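Reader: Could you take me through this structure and tell me what stands behind each label?

Author: Gladly, here it is.

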Amino acid sequence: MTRRIALQALLLAIVAALFAAAAFNAAKNLEARHIPTSFAFLWQTAGFGLNQSVIPFSPLDSYARALLAGVLNTLVVSALASVLATVVGFAIGFARLSAHWGLSRLAALYVETFRNIPLLLHLLFWYIVLLTPLPQPEQSLSFAGVLLNNRGLYFPFPGLGWPAFDPARNAFNVEGGLRLSPEAAALIFGLTFYTAAYIAEILRAGVQAVPRGQSEAAQALGLSPAQTRRLVIMPQALRVALPPLVSQYLALTKNSSLAAFIGFADLMQVSGTILNQTGAALQTIGIDMALYLGLSMLTLALMRRIEKNSDWGAK
Amino acid sequence: MTDFLRADFLPPQPPPPMRAPGWRAKLFGDARATAITLALLVLAALVLPPAIRYLFIDAIWSAPDGAACRAPGAGACWAYIAAKSPFFFYGAYPPALYWRVNLTFALAAALIVWLLHPKIPRKGLALAGFFLGLPVVGFILLHGAPALGLSVVGTNLWGGALVSLIMALAGMAVALPGGVALALGRRSELPALRWLSIATIEFVRGAPLIAVLFMANVLLPLFLPPDWAPDRLLRPMAGIALFASAYMAEVVRGGLAAVPRGQGEAAAALGLSRWQSLKLIVLPQALGAVVPGIVNNFVALFKDTTLVAIVGLFDFLHAIDVARLDPVWAGPTIALTGYVFAALFYLTFCLAMSRYAGGLEKRLAAAKR
């Protein structure tokens, strides 16, 4: 008993000593390099613009507002990519489970290829190879009201109207609609198609976890194959798939930090810029960590509530 | 009352066919299958010919500079890959000393085959070689040791696949023992140790790798005495090792949970000390059960090494991404050629590892039955 207490006391003493040494060194280093140690820098003028922002942002706004815009960009991109990845992933997962040999092999090929190429390469590919050679605004490619040019992807959106290029009103750019910058589009595409490969495998594992007897019993009761899938297989498969699905969404949110490589103004990129401008390393990295950790914990807590409250989690 | 009961018997049906359906039945069995097959054939007809033309027929296989690749209608510029491959694989490492890099990775490959191939005996020796011998020998070979007559090559000259593989190997060599230590700490009876382990694991797993790399690159020098200044390669390496250890800890935890309690109790009843029981009874079973998970973790680690570019290192992908700007070669097809080559490189390594994990999973499942 005393040995256990002594061991733990020793461990805590070592950790405390390490922290103390780190703090001591940090204090000395920070002073020697004239790095700010308070959060006051947050209210200084940012001086840089963002290529895409959910809230109005100008270079005259503060660093704090830039961070807020970055967080919102991270959240919006992650949410959009999560929805799209689920749609694409489920489609590929069903194709993988298809009885058709060719379709199933094609889906397997997709999964194996996309999972085994680093996400960064996906992003660079979308950004540089597919989105850079886009035309000027006056030669926008258009499809069903959606316009695509080198300034981004324009969607019709309630309140913003239909996107249109009208040289009489603005000879240089498309007006109206919701604009997605090429950086944001590349990030969303890359995240979607990369994560879809994982989601397809999660769906497949979920469906295969449902015992064979279930579909045989449904068939014996006279349910059609479509009914069997919708009423018997999928509810049970989704129950198995929900926890890994949520951790995939979390991974996607963390992966959206790769935006820093293609210059999309997400939390990571904005805080990297702030770090370079102010040198306030401890504060910016601390804020980043707190936000990402908070986001994961919030999502996990939410998932636990869903599992507890809905009949999805029922035993 | 008995309306729903059949009064007359149905004639017996013929027995189901014994043979599995042939390819014709699989692909053209009914209208739906035929429609899918035709759609796939149309897709292949649309995608494959231009792809083959671009990658092989119209491709430029040898050229002194980018002029031929810039011509209209030219396909992939493989000549560029050939010309730049020393940079892609070795960075700015002195060409006369490439043998040192090759020798290091040949050694690593031999040890990995020894570790992973089920038929080669004496795994303990291989383990010691990989986790203790290789880091020392590799460092001496790559960095150089004047005392042994090997001239010093500074890490600022290292780049390309050399850096990617070093990061991955160092990450593996730290992550496995680190992950085991964190996983054991997590289920320790000592609350202080347990909470420290949980805090480390959850903190690292909650953050993106880029944030951890930033932290290692910027904060590590702040927390150390000013004259220690860790090497520019060592800082991201520490970040990757920490990150991989936390994820490995969760895999190992799954393995530890799969070992029945009775195993440890039986070991204790036989008079084994806790350390002996851990080393001889619990850990071999726990790790054996999760080898596929461990290898999948290594795949993720290898893909994650591409992110070290954020702190200014020239790993394989970053070297390719930078080389496309070289004015001698720059042209419309250069970026895509480079990315296709990078994709092949990562696919080869990751697929080999995934295939091994998949095969092992099947063997383990068969052994359990």
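Reader: Why is Ala281(A) called buried?

Author: Ala281(A) has 22 other C-beta atoms within 10 Å. A residue counts as buried with 20 or more other C-beta atoms within 10 Å of its own, as exposed with 12 or fewer, and as partly exposed in between, the C-beta atoms being placed from the backbone. With 22, Ala281(A) is therefore buried. Before we go on: this is a predicted model, where local features need pLDDT of at least 70 and side-chain atom pairs count only at pLDDT 80 or more, while totals for chains, interfaces and linings use all residues. Residues are numbered from 1 along each chain as its sequence is written, and chains are lettered from A and ligands numbered from 1 in the order in which they are written.

Reader: Where is Ala281(A) found, and what does Ala281(A) touch?

Author: Ala281(A) belongs to helix α10 of chain A; helices here are DSSP runs (H or I, at least four residues), numbered from the N terminus. Leaving aside residues up to four places away in sequence, Ala281(A) touches Ile35(A), Leu275(A), Val218(B), Leu219(B) and Leu222(B). Contact is a matter of C-beta atoms, placed from the backbone, within 7 Å.

Reader: What makes Arg122(B) buried or exposed?

Author: Arg122(B) has 8 other C-beta atoms within 10 Å, so Arg122(B) is exposed. Arg122(B) sits in the loop between α5 (98-116) and α6 (123-143) of chain B. Its phi is near 60 degrees, a positive value in a residue other than glycine. Most residues other than glycine have a negative phi.

Reader: Why is α2(A) called oblique to α5(A)?

Author: Helix α2 (residues 63-97) and helix α5 (residues 182-209), both of chain A, pack at an angle of about 45 degrees, with their axes 6 Å apart. Angles under 35 degrees count as roughly parallel, over 145 as roughly antiparallel, 65 to 115 as roughly perpendicular and the rest as oblique. The angle therefore makes α2(A) oblique to α5(A). The residues of this contact divide into 19 nonpolar, five polar and two charged; Ala, Val, Leu, Ile, Met, Phe, Trp, Tyr, Cys and Pro count as nonpolar, Asp, Glu, Lys and Arg as charged, and the others, Gly among them, as polar.

Reader: How many residues does each chain give to the contact between chains A and B?

Author: Chain A gives 44 residues and chain B gives 41 residues. On the side of chain A that touches chain B, the largest share, 13 residues, comes from α1(A).

Note on methods:
Axes are lines fitted to C-alpha atoms, for helices over the stretch in contact, and angles run from 0 to 180 degrees between N-to-C directions. Helices (H or I, at least four residues) and strands (E, at least two) are DSSP runs, numbered from the N terminus. Two residues are in contact if their C-beta atoms, placed from the backbone, lie within 7 Å.
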